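Please keep the sequence and the structure in view while reading.

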Amino acid sequence: MTTDTRPTSGVSRTAVIVAQARATEDARPDRLFADPYAQSFVDAVGWIQVAEAGRLNQGHFVLRTRYFDDWFRAAAQAGCRQAVLVAAGLDTRAFRLEWPDGFRVFEIDLPGLMAFKEAVLGVRGAEPSCERTAVHADLREEWTADLLAAGFDASVPTAWLVEGLMMYLEPADNDRLARRIGSLSAPGSRLAIEHVNHAYTELPQLRAVHERLRKVGAAWRSTLEDPRGWLAGHGWTATVTPQSELAARHGRPVPELTDPERVGDARMWLVEAVRETPAPIPEST
Ligand code: SAM
């Protein structure tokens with residue numbers, strides 16, 4: 001692997017930080033999921049020292065991974081026939097989850113990050129457990145043509161996951177992203193997202209994290225106060241799941257930065273939604 005594809009700076013560096021959380025969880029005897037590839041990504045880059053709040057986020061990264069794993073399983077069972085990992089980062093669900101026969105998984109991320117990912121997975125000889133296609137694209141630009149050219153079928157129900165991306169995009173980019181996803185979503189499609197509200201960005205525990213993200217060119221650029229309302233405006237019926245519920249379900253402590261008793265109104269939203277409307281909302285860019 002050439003070293004110049006390593007995501008050591010910019011927003012793609014954040015994918016390595018999430019992979020570190022998954023590698024740490026994978027090593028636990030009571031792990032909530034297995035990710036046999038996470039440590040390989042981390043080894044290829046070198047462990048990134050995170051500020052205290054980064055460590056505090058470990059619990060959230062783990063619960064959210066398990067939450068979206070379970071959500072994908074349910075989506076496949078409910079009839080989705082393909083999935084799109086929007087800003088896939090170093091997510092290896094295409095390899096580590098069991099998918100129904102013929103299930104297709106599309107992964108979209110920036111070209112540099114995808115090149116690094118393919119190189120590490122190639123060295124590991126990783127074999128996907130689905131029909132996997134990588135799409136190299138900037139999600140702020142036009143990407144739907146690339147997805148369609150890669151074999152995406154807009155006529156069948158799709159499970160879309162937007163995990164760990166929206167805070168890095170401007171509000172207008174997120175709106176455009178949602179319109180494009182909507183325009184490609186057949187009835188029965190599902191969408192899951194993660195985002196934060198403004199109060200979350202103001203948490204004093206996160207000051208050092210924001211400082212560091214700004215320095216590496218990965219500043220947060222948007223927040224969301226009403227995820228259900230925002231998704232309803234894009235044609236989705238949404239449900240928010242609090243981390244306290246996930247923590248109780250899995251016998252883990254509530255992650256400090258997502259515990260309302262400790263952070264008040266601050267929220268890191270975990271949201272799932274279904275599309276029941278027969279006609280997709282037309283995209284206007
Ligand atoms: N979803 C993955 C996960 O949870 O492990 C990755 C999350 S990581 C925090 C953010 C990801 O968003 C990075 O992989 C980065 O390359 C990607 N990203 C950020 N801005 C992007 C853009 N404009 N187009 C495509 N990908 C982008």
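## A covered strand

A residue is called buried when its relative accessible area is under 20%. By that criterion, in this predicted model, strand β1, which spans residues 82-86, is mostly covered, with 5 of its 5 residues buried.

In a regular strand the side chains alternate between the two faces of the sheet.

## Partners of the strand

Strand β1 pairs with strand β2 (residues 104-109) in the parallel sense, over 5 bridges, and within this pairing Gln 82 stands opposite Arg 104 of β2. Strand β4 (residues 158-162) also runs parallel to β1 and is joined to it by 5 bridges; here Leu 85 has Leu 161 of β4 as its bridge partner.

## The packing of α1 and α2

Two packed helices are described by the angle between their axes and the distance between the axes. The axes of helix α1 (residues 13-26) and helix α2 (residues 38-45) come within 8 Å and cross at roughly 130°. The helices α1 and α2 are therefore oblique to each other, and their crossing is left-handed.

On the α1 side, the contact is made by Val 16, Ala 19, Gln 20, Arg 22 and Ala 23, and on the α2 side by Ala 38, Gln 39, Phe 41, Val 42 and Val 45. Sorted by type, the residues of this contact comprise 7 nonpolar, 2 polar and 1 charged.

Methods
Residues are numbered from 1 along each chain as its sequence is written. This is a predicted model: local features need pLDDT of at least 70, side-chain atom pairs count only at pLDDT 80 or more; totals for chains, interfaces and linings use all residues. Side-chain values use heavy atoms; hydrogens and water are left out. Axes are lines fitted to C-alpha atoms, for helices over the stretch in contact, and angles run from 0 to 180 degrees between N-to-C directions. Helices (H or I, at least four residues) and strands (E, at least two) are DSSP runs, numbered from the N terminus. Angles under 35 degrees count as roughly parallel, over 145 as roughly antiparallel, 65 to 115 as roughly perpendicular and the rest as oblique. A crossing is left-handed if the near helix is turned anticlockwise from the far one by less than a right angle, and right-handed if clockwise. Contact means heavy atoms within 4.5 Å. Ala, Val, Leu, Ile, Met, Phe, Trp, Tyr, Cys and Pro count as nonpolar, Asp, Glu, Lys and Arg as charged, and the others, Gly among them, as polar. Buried means under 20% relative accessible area, exposed over 50%, partly exposed in between (1.4 Å probe, protein chains only). Two strands pair if DSSP finds at least two bridges between them.
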